[in-house]
Amino acid sequence: MADSRVRTATTPPLLEPSAWHEIELEVNGEIVGAQVESRLLLVDFLRHRLGLTGTHVGCEQGSCGACTIIIDGQASRSCLAFAVQADGASIRTVEGLAPSGAPLNRLQEAFHTEHGLQCGFCTPGFLMSLTALEESGEVGKESIEEHLDGNLCRCTGYVNIKKAAHKALLGTSEEAAR
Amino acid sequence: MSHDAAIGEGILGRSVPRVEDDRLLRGEGRFVDDLQIPGALEVAFLRSPVAHARITSVDIAAALALPGVVAVYDGASVADRVEPLLNSEELRVPEGIRANIDPIVRIQPSPLLAVDEVNYVGQPVAMVVAESRYLAEDALELIDVEYDALSAVLDPEQALVDGSPLVLSDAEDNIGVHIEHGTGDVERAFAEAAVVVEDTFVSQRYVASPMECRGIVATHDPFSNQLTVWSNTQTPHRVRNHLASAIGLDPEAVRVISVDVGGGFGQKGILVVEELLVPLAAHDLGRPVRWLEDRNENLMAGTHAREQVHHIAIAADAEGRILGVRDRMIVNLGCRNMVGLVVPYNSLCHLVGPYRVPNLRITATGALTNTMCTAPYRGAGRPETVFAMERVMDRLADELDLDPWELRRRNVITPAEMPYRTGILDRRGLPQEYDSGDYPEMLDRIHKMIDLDGFRKRQQQARSEGRYLGLGLAMYLEATGLGPFEGAKVTVLPSGRIRISTGAPSQGQGHRTTFAQIAAESLGVPFEDVELVAGDTRDIPFGVGTIASRALVTAGNAILQAATLVRERILATAADMLELDPEDLELLGGVVRPKGVPGHELELADIMRALPVTPRGSGRDSLSETSYFQPPNYATSSGLHAVLVEVDPDTGRIEIDDYVVVHEAGRIVNPQVADAQIVGGTAQGLGGALFEHLQYDASGQPVTTTFMDYVLPTAGSMPDVRLDEVVCPSPTNALGVKGLGEGGAVGPPAAIANAVEDALRPFGVVVHACPLTPNRVRDLVRATQL
């Protein structure tokens with residue numbers, strides 16, 4: 001009987017014409033072992049092999065931030081990394097923020113109450129960027145602005161995202177500073 | 001901010017937090033690419049690398065031979081099977097317009113894949129279907145296409161000149177649309193005017209850029225002979241109808257489901273060739289097929305928007321009262337006319353906005369060029385036309401030495417004049433009539449909110465210190481709630497919960513919440529008991545979709561109608577069960593009870609159980625009604641943007657010191673959601689004002705095909721927008737609502753340009769175009785110093 005914490009990635013039906021690698025990494029607290037091709041992007045590995053579709057692909061150039069995850073404590077673009085590079089890493093995705101069925105965490109809750117999302121496509125990226133900031137212990141008005149600038153949102157005009165970030169990270173519902 | 005307390009008792013009018021948020025915040029959204037469909041094949045398109053060329057040969061043999069490739073389609077292999085694409089609903093010319101204006105509307109259907117000619121960079125030439133996108137992209141490299149270059153034309157005015165290269169080699173000229181329309185006697189107005197201002201204002205090409213690119217998954221089930229399509233379309237019923245007729249299936253054999261959509265803004269509102277090709281492949285191959293557009297494709301070959309040139313003239317008397325407006329507008333349609341009259345006519349009939357203009361003459365010409373097609377994007381012709389009108393208003397104010405605010409105050413239509421007829425025909429070909437609005441009140445609010453008098457003093461003071469402050473205003477109105485109809489089915493489920501089904505899906509607007517608010521209020525059930533299925537063609541037979549600021553007006557009122565009928569049936573059924581008169585019953589909080597008699601209650605689930613055996617229920621086994629709302633007229637919403645800026649003439653930097661929007665959109669269903677729509681739209685408008693420009697080089701290569709080159713606003717570039725609202729419930733519908741989804745995007749280019757020009761008045765700068773990047777601002781200042 002396999003360890004219930006070990007998740008086995010689905011292997012695609014067809015070998016792609018590039019080298020294969022065995023990798024093992026931690027994803028949201030689970031140990032994952034998988035075979036991946038050299039060129040498989042980390043974001044595609046998470047989405048298509050592990051079924052963790054909360055991390056979104058917005059630009060594939062590192063510009064938009066929709067695919068932001070936390071790799072070994074750092075906010076990172078999963079569209080700019082290959083899965084093979086994540087061998088041995090500890091990864092967190094939006095699915096790891098609040099266990100299914102459990103209440104939303106403080107940051108997610110603030111996005112909800114401040115209406116900090118509309119279509120919700122960019123939202124996981126914002127949540128992961130801000131989570132990494134929170135855990136870095138360097139939360140401040142300026143660092144929040146700086147982190148928010150790395151993620152694009154096309155719906156909200158950012159005003160409510162700023163409010164949500166300030167509320168959750170600074171404990172204030174003050175309007176974001178201009 | 002103030003929201004009128006007199007309207008919307010109960011759940012309607014309250015800022016209920018959105019029901020859709022929880023899943024999205026947990027990463028449990030279901031966008032097209034999140035659907036896990038076993039065995040799905042993936043598609044990649046080979047696209048034209050040149051703006052205009054004859055295709056002399058296409059060789060797909062090597063691509064087909066690549067392991068993992070399942071099929072390769074080229075132009076020849078689909079041309080004899082599927083008609084070229086026409087967005088047929090949009091191309092209809094309404095009878096009133098045909099009879100009175102007789103415009104030229106030429107339609108150029110799009111081949112699904114290029115056959116013997118390509119007409120823009122990015123045009124699909126071949127489609128590879130493979131076991132993965134990685135393999136499909138590998139195969140693109142193996143397709144050999146030979147092109148024989150032809151002359152290309154990119155500039156829309158150039159395209160209209162005799163002897164210009166033809167965009168489509170078999171066309172007679174490059175005209176897609178030509179409209180001439182107006183009212184009054186413009187020549188006389190200009191002859192009698194004390195002052196005339198004439199200038200050219202240009203709206204650059206920019207794009208919707210939803211964070212989620214376009215996507216579609218299709219699968220054909222041989223058991224039910226059903227083609228099921230999950231698409232991030234804004235118009236699922238249109239996709240179903242087009243698809244069925246293109247592939248040769250009955251409409252009911254095609255089911256289109258709109259899942260979570262990562263923003264649409266109009267780009268996902270019209271049918272594109274990819275949306276026909278992917279289901280065609282699924283139907284052919286008997287396997288699920290998926291296409292997810294990447295960002296490069298989206299910027300290059302997702303529909304573009306906005307590009308217009310306006311040669312506009314305004315005539316006024318010595319007091320600044322407008323006597324007449326003349327405008328010759330050129331709309332760059334791209335290589336084909338995708339949506340007929342829509343954008344040029346929208347621009348035409350929104351040009352003069354809230355102002356009283358007795359004499360008006362507009363010509364609108366849609367020119368074909370060897371660029372990607374342009375199509376509606378949030379505002380669909382309004383930001384462009386408002387840019388021209390509001391810029392020429394400020395030029396007029398300058399000429400008359402009037403404050404731009406005062407000039408507007410003298411010319412806006414007053415509430416006493418409502419409903420107001422402009423003298424021209426609206427997009428349906430009926431006399432254009434503004435239903436309601438209070439433009440003077442909006443101006444008064446803005447005056448106070450920005451402290452206009454105080455600002456003018458500060459501006460003078462700053463100038464003496466070598467700092468340049470400016471104020472920009474932009475007013476607009478919007479014909480919202482476009483018909484012809486939208487429907488809603490309201491059903492009591494066996495559990496007693498309520499399900500609403502409608503053809504208007506959400507792309508982030510929050511329909512799950514706002515539509516439930518309408519149903520809960522009109523039925524008398526708890527909000528939590530209402531769920532929504534929006535955009536599943538199997539759930540409701542007819543629909544139009546979520547475009548053109550129409551969903552709340554059309555679907556909202558259809559929900560109200562259907563819910564009212566269901567409520568009557570619930571009460572009638574309960575009356576049979578209780579042997580009472582329906583008049584003596586009330587439905588409140590989800591339970592039916594005799595009025596004023598507590599304790600004697602029927603829950604909806606009880607009624608559902610009893611329904612088949614009650615006298616009225618027998619023979620009808622459900623409490624469900626479908627209703628279609630056909631708006632009798634547009635619901636006219638409006639807005640006024642005011643922006644205070646400081647401009648550094650040396651660096652070209654524009655600092656936004658204050659941004660205020662007063663909007664009017666009738667009765668508000670959910671203030672938090674409504675405000676967020678305004679702010680979100682404003683951000684997109686600011687993008688167009690300051691950053692965004694989809695550019696081509698001289699050979700027709702798009703050069704802004706990544707988010708490194710095509711610059712979107714970020715959190716740091718967005719001011720805190722201060723909002724206020726005026727409420728004039730629309731008399732055109734029972735809810736009194738108006739659309740507001742697009743409005744925010746309309747004001748910013750004009751407001752920012754006006755503000756920058758006001759700031760740089762000491763230099764004599766005239767702003768003719770956006771985006772006002774630092775380079776462009778510096779160039780404007782330098783040009784005055786030469």
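The contact between the two chains, counted as heavy atoms within 4.5 Å, takes 59 residues from chain A and 60 residues from chain B. This is a predicted model, in which local features need pLDDT of at least 70 and side-chain atom pairs count only at pLDDT 80 or more, whereas totals for chains, interfaces and linings use all residues. Residues are numbered from 1 along each chain as its sequence is written, chains are lettered from A in the order in which they are written, and side-chain values use heavy atoms, with hydrogens and water left out.

Chain A and chain B bury about 4800 Å² between them, 54% of it on carbon and sulfur atoms; buried area here is the accessible area (1.4 Å probe) that two parts lose on being put together, summed over both. Four salt bridges cross the interface, each a side-chain nitrogen of Lys or Arg within 4 Å of a carboxyl oxygen of Asp or Glu, and in one salt bridge the side chains of B:Asp34 and A:Arg47 meet at 2.7 Å, N to O. On the side of chain A that touches chain B, at least two residues each come from α1 (42–49), α2 (106–113), α3 (123–136) and α5 (159–170) of chain A, helices being DSSP runs (H or I, at least four residues) numbered from the N terminus. Of these, α2(A) gives the most, with four residues.

In the largest nonpolar core, of 174 residues, A:Phe111, B:Met389, B:Ile752 and B:Leu772 touch the most other members; such a core is a set of buried (under 20% relative accessible area, 1.4 Å probe, protein chains only) Ala, Val, Leu, Ile, Met, Phe, Trp, Tyr and Cys residues joined through side-chain atoms within 4.5 Å. Not counting residues up to four places away in sequence, B:Ile752 touches residues including B:Val643, B:Tyr659 and B:Leu772.

Terms used
Buried < 20%, exposed > 50% of the residue type's maximum accessible area, 1.4 Å probe, protein only.
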